[in-house]
Amino acid sequence: MKSNIKYIWILLLIASQILNAQTQKMVLIEEFTNANCNSCPSNDANINKFVLSNWGNVISLQYHTWWPIADPFYSINPNENSSRVNYYGISTIQNYAVDGLVKGAATNPYLLTTQTLDRFFLQSPIKININSSITGNNVDVNVELLGLTSNIPSNLKLRVALIERKRIYQTAPGTNNVKEFNNIFRKFLTDTTGTNLGDFSLNDVKLFNLSQQIISSWESNELAAVAWIQDDETKEVIQSAISTPTINLKTSEKLAEFLSKNQSVTKTYSLTNYNSSPIQLRLMFDTLNLPTNWDLKLSTDLGVFDSVDRKSVV
């Protein structure tokens with residue numbers, strides 16, 4: 001009889017873990033910069049390189065400050081840029097926050113890696129689905145929040161903002177001669193203080209439909225919406241999402257290993273689409289250093305690709 005009770009307890013434990021499953025955490029990096037700051041370009045470049053190298057795990061959002069001299073990105077929306085500076089108590093330009101935790105300046109990409117690595121492996125109790133579309137002169141954003149556990153804090157807030165993914169100028173808009181800017185904060189769709197989520201539990205769904213008129217100085221084809229859930233008491237960001245196609249590559253395989261002559265090896269990877277709409281991928285691999293007479297193939301659910309294939313899949 002004791003044995004049966006043990007088995008029942010194990011089954012209940014497994015069932016509880018399934019019901020309270022969580023989802024992959026997307027890391028949010030909020031940076032504070034300025035087009036008139038001479039030391040900012042190198043730090044901005046480090047963050048941009050890091051985000052590009054870790055796309056699918058990281059979302060970037062860059063606010064602009066009023067010092068040393070207010071730049072065009074700050075001047076077009078001074079109140080909301082200032083609100084985030086004040087929210088984090090930023091007093092030194094080039095500071096950035098990882099999931100709401102201020103980390104200092106991005107002096108090198110290795111520092112970014114060590115400061116964000118632990119966040120990559122976290123799970124979140126809330127899944128965010130976000131989509132954006134342009135209708136006429138408006139950006140329409142739909143946000144869906146899904147509760148995945150029964151113990152979600154009730155003091156969380158949702159913030160949704162528009163960013164401009166990339167902007168390139170013929171003439172630098174500031175004194176530091178930078179002409180290309182990335183992930184520029186443009187406008188909050190919620191207000192700066194966020195929207196209270198209130199009670200939120202397992203299987204709960206919350207929907208938010210937001211809209212914003214496009215300002216003439218924005219590049220409308222570069223706009224994207226970013227949503228994040230934050231605890232204002234600790235400043236920790238619980239989850240974030242972006243409306244552009246986002247995928248994540250996962251594997252438990254070794255990243256490198258030695259092979260004997262004529263030895264075959266199979267590696268298994270999974271790609272997860274974090275958006276609700278289909279995305280198109282181009283699958284390819286680098287054979288630059290492939291030894292002579294070696295054979296390399298990529299097998300997917302849609303077929304087998306050889307080393308020179310450049311096929312698109314949905």
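**Exercises on a predicted model**

Strand β9 (residues 156–168) and strand β13 run antiparallel to each other and pair over 9 bridges. Two strands pair if DSSP finds at least two bridges between them; helices (H or I, at least four residues) and strands (E, at least two) are DSSP runs, numbered from the N terminus.

The model is predicted, so local features need pLDDT of at least 70 and side-chain atom pairs count only at pLDDT 80 or more, while totals for chains, interfaces and linings use all residues. Residues are numbered from 1 along each chain as its sequence is written, and side-chain values use heavy atoms, with hydrogens and water left out.

**Exercise 1.** State where Arg119 lies and which residues it is in contact with.

*Solution.* 
- Step 1: Arg119 belongs to helix α5 (residues 109–120).
- Step 2: Its relative accessibility is 9%, so Arg119 counts as buried.
- Step 3: Contact means heavy atoms within 4.5 Å. When neighbours within four places in sequence are left aside, the contacts of Arg119 are Lys25, Val27, Val98, Asp99, Glu236 and Val237.
- Step 4: Link this to Exercise 1. Val237, a contact of Arg119, is also the bridge partner of Gln230.

**Exercise 2.** Find which cysteines form a disulfide, and explain why the disulfide is right-handed.

*Solution.* 
- Step 1: A disulfide is a pair of cysteine sulfur atoms within 2.5 Å. The structure holds 1 disulfide.
- Step 2: Cys37 and Cys40 form the disulfide, with their sulfur atoms 2.3 Å apart.
- Step 3: The torsion about the S-S bond of Cys37 and Cys40 is about 90°, so the disulfide is right-handed.
- Step 4: Cys37 has a relative accessible area of 5% and is therefore buried. Cys40, at 0% relative accessibility, counts as buried.

**Exercise 3.** Classify Asn183 and Asn203 as buried or exposed, and give the phi of each.

*Solution.* 
- Step 1: Asn183 is placed in strand β10 (residues 180–188). Its phi is near 55°, a positive value in a residue other than glycine.
- Step 2: With a relative accessible area of 9%, Asn183 is buried.
- Step 3: Asn203 lies in the loop between β11 and β12. Its phi is positive, about 75°, although Asn203 is not a glycine.
- Step 4: At 62% relative accessibility, Asn203 counts as exposed.

**Exercise 4.** Locate the cis peptide bond that joins Trp67 and Pro68.

*Solution.* 
- Step 1: Pro68 is found in the loop between β3 (58–64) and α3 (72–75).
- Step 2: Omega of the cis bond between Trp67 and Pro68 is about 5°.

Technical notes: Buried < 20%, exposed > 50% of the residue type's maximum accessible area, 1.4 Å probe, protein only.
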